[in-house]
Structures are given as C-alpha cells and as structure tokens.
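Subject: Structure handover

Hello,

Here is the structure for your set-up work. Please look it over before reading the notes below.

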Amino acid sequence: MGFASYLWDKMPAVVCNAAGIIAVGVFTGVSAGASVAVPIAACWLAAVAAYLAVGWLLLKKRIAAAKRIADETEDKFLLSEVVPAPSRAEDRLYYEFMLIQGRAAIERAEAAGRDAAEYREYIQEWVHEIKVPITAASLVCRRSEGEDFREIGRQLDRIYGYVEQALYEARSGCAEKDVLIRETELAAVVADVLVENKRQYIDAGASIDVDVTGTAATDGKWLGFVLKQILQNSVQYSREGGAHIKITSSESPSGTELSVLDDGTGIKRSELPRIFDKGFCGSNGRNRRRSTGLGLYMCRRMCSALGATISADSEFGSYTRVTIKFPQSYDSVR
C-alpha cells in the first residue's frame, strides 16, 4: 500500500479536520483576530499531519511484518493462522472470516490428500497384481509357435511397459523415498535393460552397440527405468530398416555421462526445448499416433530424484542423442 492509498482511506477524517480548521480559523479570526486564529489553525494542522505520518509509519511496519511472515511461511494456506490479528473491530471481523475460510481449506486439502494417497495405494496394488497375468501370458506366447503368438507377445510387452509407467506415476509423489543412491556399475544396468527387453528390440530390427564402463552415484533400478524409456523412443521413432543405437559412457571432472545415440527420425529444432514437458508429443508422436507424451517427462522427473540431469540434442531426419549426467560422487547427491 502506497501513501496515496493510505491517504485515500483516511479521506473522511482529513476532510472533517480540514473543515474544522477552516471553520475555527474563520470564527477565531473574526472574533479574536488573525494573531490568535493562525496559531490555532497551525497547531491543528500540525496535529493532523503528525497523526497521518505516525499512522502511515506504523502501517508500513505492520505490512512489512506481515509480508515477512508470508515469505517465511512454507505452507501458504496456513497464513491465516500465523499472521497477527488486527486491532480495529471491523478488521477483526474480516480476520475471523479469513480464519474460518483458511481452516475449511485446510480440512478440504487434508481430505483430498487422504483420498489421493488411498488412490495411489490402490493403483500400486493393481499394478503389482496385473503384472502376474501379463507375465504368465508372455511366457505362454514364448513357448508357443506361430506369428500370431509372437505378435501377442509384442503387444503384451507394450502393455507391460505402460503398466510400469502407471506404477511410476503412482509413486511420483514420493519417488525420493524409493531411491537408493550408491555407486552403481553402469554396464550392469545397461545389460539388464537389454536382456529384459531383447525380444522387443529384436522384433523391431534394432541393432544396439554398447561401450559403457565405470560407475556412477545413482539407483540402478530407476536408472534402468529411465534407460528403457529412452531406448523405447529410439526404437519407436526409427527409420525403415530398424534403429541403430549406440550407448556410451564418458567421465569428466564434473561427473559421469551416459549417452544414447540413434539414427532415427530426429526432432525438429523448434520442438527440442519442449520434449521433456508433460504431454508433449511433437510432430513425430502425432504422425505415428502412438505417443503419450509421458516417457521423457517421467525420465526428467526421475533423473531429478536421482540428482542427475538429462538433456537431448538432435538433427531432424538424422539423429537424436539423449545424455544423462550423474553427479561426481554420492556425497554431492545427499
């Protein structure tokens, strides 16, 4: 609030005092002369000015204190509980209304939080249960002959991948609690992902070269999830003849990097800054109608939970390279 706004709020008092000063000045001037009227008017005017000045300074102090409390309060919906109560009767009435509204909002937020937690638990339980029949059906398809069974197996692999995405999304609010950061062999993580999904890569005609060494401070399980999403994109957006993918690692004083390079359709330069945004499919996803816009978004969120960064560079129609940069050591993650 500026001084002009404060003065406007005090306008009725200012007008009344100005009228009183004029009336008393005229009356006193007529009856006792200007020598008496001027000092009286001056003292009255000085008193009004002092009242306004002191009131403005005190108001500024209260506003500054309230703003400081608002800045220091982490949960903003608790502001009504921590700001100081006003002194004026009318302001106290509005303050009580604000308390009632704030407490009602807190109760509603707590109820919504409980509902969301229960729903997340249900989704996690459902995902664990649905994995069993999917895995069983996949085993049946692998033991059976015929192109129909192979196609069913491929579709089951896709369903399994979407189920894993659902599980991650259900855990996204507490992903940090499920992360175990330790020195991890990158080659072992890459090998596990390739073995787990080898049928999908073979059926898609993908060739994958691996040149990965060294360790990184990360969680092997969640890094495997991220790597699987990246490889799935490389396979999905390959050109005719299948994807040619190269997975490499490198070390520098600032940390370890793991890169996935493919020779697929690439990403348009104008779309590159948005590929990690939630729900963004891009022209490639729209053309193929199989993109959810969630894969890379989840990769970015998971990398953030791992203390790593993920980035991409690409040339449309030529290549795409996705790079995960890990912190230099475990201590830098904590």
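This is a predicted model: local features need pLDDT of at least 70, side-chain atom pairs count only at pLDDT 80 or more; totals for chains, interfaces and linings use all residues.

Helix α9 is involved in both contacts. With α11, the pairing is as follows: α9 spans residues 220-236 and α11 spans residues 295-305, and their axes come within 9 Å, crossing at roughly 155 degrees. An angle over 145 degrees counts as roughly antiparallel, so α9 and α11 are roughly antiparallel to each other. The crossing is left-handed. On the α9 side the contact is made by W222, F225, V226, Q229, I230 and N233, and on the α11 side by G295, L296, M298, C299, M302 and C303. Sorted by class, that contact has 9 nonpolar and 3 polar residues, with no charged ones.

The other partner is α7, residues 186-196, whose axis comes within 9 Å of that of α9 at a crossing angle of roughly 55 degrees. These two helices are therefore oblique to each other, and their crossing is right-handed. From α7, the residues in contact are L186, V189, V190, V193, L194 and E196; from α9, they are G220, L223, G224, L227, K228 and L231. Here the classes come to 8 nonpolar, 2 polar and 2 charged residues.

On the cysteines: the structure holds 0 disulfides. C299, one of the α11 residues in the contact with α9, has the sulfur of C303 as its nearest cysteine sulfur, at 6.4 Å. A disulfide needs the two sulfur atoms within 2.5 Å, so C299 is in no disulfide. C299 is buried, with a relative accessible area of 0%. C141 is also buried, at 7% relative accessible area.

Regards

Note on methods. Residues are numbered from 1 along each chain as its sequence is written. Side-chain values use heavy atoms; hydrogens and water are left out. Axes are lines fitted to C-alpha atoms, for helices over the stretch in contact, and angles run from 0 to 180 degrees between N-to-C directions. Helices (H or I, at least four residues) and strands (E, at least two) are DSSP runs, numbered from the N terminus. Angles under 35 degrees count as roughly parallel, over 145 as roughly antiparallel, 65 to 115 as roughly perpendicular and the rest as oblique. A crossing is left-handed if the near helix is turned anticlockwise from the far one by less than a right angle, and right-handed if clockwise. Contact means heavy atoms within 4.5 Å. Ala, Val, Leu, Ile, Met, Phe, Trp, Tyr, Cys and Pro count as nonpolar, Asp, Glu, Lys and Arg as charged, and the others, Gly among them, as polar. Buried means under 20% relative accessible area, exposed over 50%, partly exposed in between (1.4 Å probe, protein chains only).
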